[in-house]
Amino acid sequence: FQAEDGIRDSVASRGLGDVYKRQLTNTRAVTLALACVVAAVVALDRVVMSVAILPMAQVYGFDESTKGLVAASFSAGYGIGILPAGALVAARPPALVLGAGLIAWSAAQAATPAAAALGLAPLFLARACMGAGEAAAIPSLQVVAAQNVGEAERSRFWGVLTACLSLGTIAAYALTPPLIARFGWEAAFYAYGGLGVVVALAWAAATASDDDVGAAAEPVDWAELRASRPVWALACAHSASNFLLYFALAWLPTFFSYTFGASATASATASLAPFAAGAASCVVAGATADALAPRLGLTRTRKLVQGVAFLGPALALTALAVLEETGGLTEGVAEGLFVLTFACQAASGSGFGVGAQDIAKRQASAIYGLSTLPAVAAGAASQYATGVILDATHNDFSPCLLYTSPSPRDATLSRMPSSA
């Protein structure tokens with residue numbers, strides 16, 4: 001990965017040069033703040049199923065493999081939609097694409113209870129449609145950030161936005177159990193679907209007059225992207241990260257439930273601290289990366305923080321697996337090791353997370369879409385394989401913890417050749 005040897009936009013972008021030199025207008029500040037809100041809603045909507053699946057399984061008799069398929073169906077829809085979404089954002093106004101995607105995935109979220117009542121196939125379809133809608137989110141936000149945030153503050157802003165993803169996850173774990181306890185598991189899907197529509201309306205109102213956020217760009221040169229070594233480096237790093245992240249989003253509450261006999265509420269509560277640590281780490285890693293880049297260079301900085309994001313989780317998850325296998329794992333130790341895992345993993349927001357913006361400006365969405373495609377496949381495989389392994393081992397998480405730890409050999413980013 002070389003941040004200085006990337007894809008050049010054929011049409012000059014107003015984002016990383018001119019926008020950085022201009023004062024931040026009130027409209028632009030509102031746009032960036034709402035972008036962070038949208039990021040939180042993305043994670044909130046994605047994670048609710050990991051909590052709701054426990055009472056749903058009791059109602060419909062889902063085994064672990066079926067739970068894995070429910071999680072993987074979202075990932076499949078996301079994977080199918082990510083490349084078209086990246087191309088669409090590159091060629092059409094990103095604000096419009098993001099708003100439409102938000103409406104679409106919110107509708108699919110609200111339709112989930114009715115789909116589950118009809119059977120597995122409708123449920124899988126509803127979750128896949130939700131994934132396809134969410135595919136518009138991060139590519140759009142990549143372009144919004146590239147157009148509105150200067151290079152010197154890029155890691156810092158993306159760290160804050162990535163922290164909002166973690167805050168959305170925390171909100172899902174904190175709010176969903178009491179919501180389910182009082183109104184039933186169906187209410188969580190209805191409430192979060194409605195919230196998404198409200199945020200979509202606010203986003204449309206805030207970006208209606210913003211020419212930079214609404215501007216279209218040139219068509220994507222897919223051949224150039226496929227031949228780019230930095231793009232492939234981003235894809236490898238993203239895949240290794242997603243293999244762990246998707247496992248946690250789908251299975252972390254279940255881990256605490258099966259390993260320590262925790263209730264659905266207690267399992268969700270135990271899952272809060274790791275993502276809270278991840279949120280704080282995103283902000284710290286972003287500020288640190290922006291401070292280091294002038295001295296180390298952009299490429300070395302990206303590789304350094306990505307190395308932390310690989311090695312930390314590899315060591316922590318291996319320790320978790322060993323302790324569980326030997327009977328020495330307590331709930332407090334498990335929670336602490338997951339905190340370490342996601343505090344380190346969150347540094348990837350200032351590694352491969354902003355790599356698409358380093359490589360290009362207006363083409364950031366297409367680059368992100370292309371690098372995400374194999375990453376989503378890796379994440380979906382992790383979710384489904386976990387369910388299969390749990391069924392085969394009578395709910396033993398040790399093998400799952402070992403195979404989800406990103407090995408240092410996955411750090412292809414460090415071997416690949418860094419554009420602003």
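**Cores, helices and salt bridges in a predicted model**

V388 is partly exposed, with a relative accessible area of 33%; buried means under 20%, exposed over 50%, and partly exposed in between, for a 1.4 Å probe and protein chains only. This is a predicted model, in which local features need pLDDT of at least 70 and side-chain atom pairs count only at pLDDT 80 or more, while totals for chains, interfaces and linings use all residues. Residues are numbered from 1 along each chain as its sequence is written, and side-chain values use heavy atoms, with hydrogens and water left out.

V388 sits in helix α17 (residues 364-392); helices here are DSSP runs of H or I with at least four residues, numbered from the N terminus. Together with L69 and Y384, V388 makes a nonpolar surface patch of about 220 Å². Such a patch consists of residues with over 30% relative accessible area and no salt bridge, nonpolar side chains (Val, Leu, Ile, Met, Phe, Trp, Tyr) being joined within 5 Å and like charges within 9 Å. The areas come from the Shrake-Rupley method with a 1.4 Å probe.

Helix α17 also holds G369, which is buried at a relative accessible area of 0%. G369 is in contact with I82 and L83, leaving aside neighbours within four places in sequence; contact means heavy atoms within 4.5 Å. The C-alpha atoms of G369 and A235 are 9.5 Å apart, although 134 residues separate the two in sequence.

The largest nonpolar core has 53 residues, of which Y78, W105, L141, L161, W203 and I367 touch the most other members. Helix α2 (residues 26-60) gives the most to this core, with 8 residues. A nonpolar core is a set of buried Ala, Val, Leu, Ile, Met, Phe, Trp, Tyr and Cys residues joined through side-chain atoms within 4.5 Å. Not counting residues up to four places away in sequence, L141 touches A35, A39, L98, W158 and L161. Apart from this core lies another, of 50 residues, including L244, F247, A250 and F397.

A334, in helix α15 (residues 331-345), counts as buried because its relative accessibility is 0%. Beyond its neighbours within four places, A334 is in contact with F255, F256, F260, L320 and L329. Helix α14 (residues 298-326) has 29 residues and should span 42 Å at 1.5 Å a residue; its end C-alpha atoms are 43 Å apart, which agrees. The expected span is 1.5 Å times one less than the number of residues. Just after α14, G327 takes a positive phi of about 80°.

What charged pairs does the structure hold? There are 5 salt bridges, each a side-chain nitrogen of Lys or Arg within 4 Å of a carboxyl oxygen of Asp or Glu. One of them joins R46 and E134, with the closest N and O atoms 3.1 Å apart. R46 lies in helix α2 and E134 in helix α5 (residues 120-134), so the pair ties together parts 88 residues apart in sequence. Both R46 and E134 are buried.

R154 pairs with D358, the closest N and O atoms being 2.2 Å apart. This pair links helix α7 (residues 154-183), which holds R154, to helix α16 (residues 355-359), which holds D358, across 204 residues. R154 counts as buried at 1% relative accessibility, and D358 does at 0%.

D290 forms a salt bridge with R156, the closest N and O atoms being 3.5 Å apart. D290 lies in helix α13 (residues 272-296) and R156 in helix α7, so parts 134 residues apart in sequence are tied together. D290 is buried at 8% relative accessibility, whereas R156 is partly exposed at 40%. Salt bridges that share partners join R154, R302 and D358 into one network.

Technical notes: Helix = DSSP H or I, 4+ residues; strand = E, 2+ residues; numbered from the N terminus.
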